[in-house]
Amino acid sequence: MKILLILILTTSLFANSFVVVISKESKVDKISKRVLKDIYLKKRTFIDDNEIVPINLEAQSEVRLSFEEEVLGMDRDEINNFWIEGHYKGITPPIVQKSEKGLKLFIKNVEGAIGYIKKEKVTKELKVIYEF
Amino acid sequence: MRFLFFILLSTFLFAEKYELGHGLSLSKYLKVGSYISTKYKDSKDIDEFELDDIALLGYGSLSPKFSYLLELEAAGFYIKDLTNKKEETNEHFHIERAYFDYKFSDKFKIRVGKFITPIGYWNLVPITVLKDTTSNPLYSYKIFPRFTTGLNLYGFLSDDIEYNAFIQKSKDLDTGYNNIQTDDFIGLGLTKYFDDFSVSLGLGQFEDERLSERIYLDTSLKYKKSKVEVLAEAIVSRDEHKSDSDKYDSYALYLQGSYKFIKKHYLVSRYEYFKDNFDDYKEEIFLIGYNYRPIYPISIKGEYQFNSHSDLNKFIISLSILF
């Protein structure tokens, strides 16, 4: 019983350990939730003077679902509707990478690219700028 | 016909996965889309079917900072007057929007060309398929030009305050295709964002063939949470007419609420007020409506308007689709 309790406690403590990362070389060190949301909704494209390229994981990704709920504060229908309005305004959604591996590679090679991954997947080439 | 053939050919050659309402990427630099709107209107004097809007849309980014958009529209494409058994067609496509954007930073962006006048909320997304009612409130087309041809500077002043400053000093890019014809227009707007709502304030000045000067002040509020959306906008203007030395005021406002009572089904209600002291004209409208979206880019709507001039009471149903 004690083991079960510890397991549940541990799971709940680390369940939401996701982070937003950028290349270690970037001058960007942190980002507010509001600006992060605006960047993923393409209302903004800069942090200070640094141009930012937001990257999504595929729609069914667990990390993406958590990101949408915690940071965007929108469900999938609302997001879909937002991008349909975006189409009329000439704005396209962020590009998608199929895996966290692909996302990390993209961030490493494209200046200003940001994305969300599980905290334990952060490697030395990446810098954490937001945690959720 | 050649243009249509080119579009179809391009579609087969370059198409990525297509999803209704999200447009079609033809290349890295070009995404295309379209929308149509049909409606049936019934009032004391009017009984007509209308293929109202057919529009083509193309946009893209030539670099991360440089983008463009072009929208061509044929309004009143086909009208069938069911009372007098008459038909009317208008197959001419007009320039609704045509502009370039350049982003220096989030604080400073420039838009050049013909664009939607950045006033309030209703005017920013004016197409039927993306609204909860087929009709537009009087507020949205009686007081200010819906489109501006010129320069728009915009961006964020801080994390939660956005600004727009625009100026027009020439004729419309497609002269005649605007609700108010002007070649001299200047305006400024500020929007403050909160968690579930935002408020905006704007003022501007323009002249047209009837007015030597109109100065307006507008304010808007948008609240959206879960299944409820509330829009409220008001505008007041002071006019100097070319035919009269006195100054006259005009007022327009509306308050609209919509409620998603079941998934895909929306109830909507709106109150409108409009008064023009120069023409000594006043109109009030109370509207109730229903909007069904089987999927978001398809909207089937019905509404009934109770007008203070009972002859203008009307029933409207529509089908609109964004491709």
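Read from the N terminus, chain A of this predicted model has elements in the order α-β-α-β-β-β-α-α-β-α-β-β. In total, chain A holds five helices and seven strands. Of its 132 residues, 45% are buried. Among the contacts in chain A with a separation of 6 or more, 70% are between residues 24 or more positions apart. The accessible surface of chain A is about 7400 Å², and carbon and sulfur atoms contribute 56% of it.

**The sheet of chain A**

Strands of a sheet pair through backbone hydrogen bonds, in either a parallel or an antiparallel manner. Chain A contains an open sheet of five strands, in which the order is S5-S4-S6-S1-S7 and the pairing is mixed. At the edges stand strand S5 (95–97) and strand S7 (126–131) of chain A; each has a single partner strand, so one side of each lacks a neighbour in the sheet. On average, neighbouring strands of this sheet are turned by 40° against each other, when direction is ignored.

One of the pairings in chain A can be followed in detail. Strand S4 (residues 53–57) and strand S6 (residues 113–118) of chain A run parallel and are joined by two bridges. Pro54(A) has Ile114(A) in S6(A) as its bridge partner.

Two helices of chain A that pack on this sheet are set out below, with the strands they touch and the angle between the direction of each helix and that of S6(A).

| Helix | Strands touched | Angle with S6(A) |
|---|---|---|
| H2 (residues 33–40) of chain A | S1 (18–23), S4, S6 and S7 of chain A | about 110° |
| H5 (residues 100–109) of chain A | S1, S4, S5, S6 and S7 of chain A | about 150° |

**A nonpolar patch on chain B**

Which residues form a nonpolar patch on the surface? The patch consists of Leu253(B), Leu255(B), Tyr271(B), Phe286(B), Ile288(B), Tyr304(B), Phe306(B), Phe315(B) and Ile317(B), and together these residues have about 750 Å² of accessible area. Two or more residues of the nonpolar patch come from each of strand S14 (247–262), strand S16 (281–292), strand S17 (298–307) and strand S18 (314–322) of chain B.

How values were computed:
Residues numbered from 1 in each chain as written. Chains lettered and ligands numbered in written order. Predicted model: local features only at pLDDT ≥ 70, side-chain atom pairs only at ≥ 80, totals over all residues. Heavy atoms only, no water. Patch = residues over 30% accessible without salt bridge, like charges linked within 9 Å, V, L, I, M, F, W, Y side chains within 5 Å. Areas by Shrake-Rupley, 256 points an atom, 1.4 Å probe, with all protein chains shown as cover. Salt bridge = Lys/Arg side-chain N within 4 Å of Asp/Glu carboxyl O. Helix = DSSP H or I, 4+ residues; strand = E, 2+ residues; numbered from the N terminus. Pairing = 2+ DSSP bridges. Axes fitted to C-alpha atoms, helices over the stretch in contact; angles between N-to-C directions. Contact = heavy atoms within 4.5 Å. Buried < 20%, exposed > 50% of the residue type's maximum accessible area, 1.4 Å probe, protein only.
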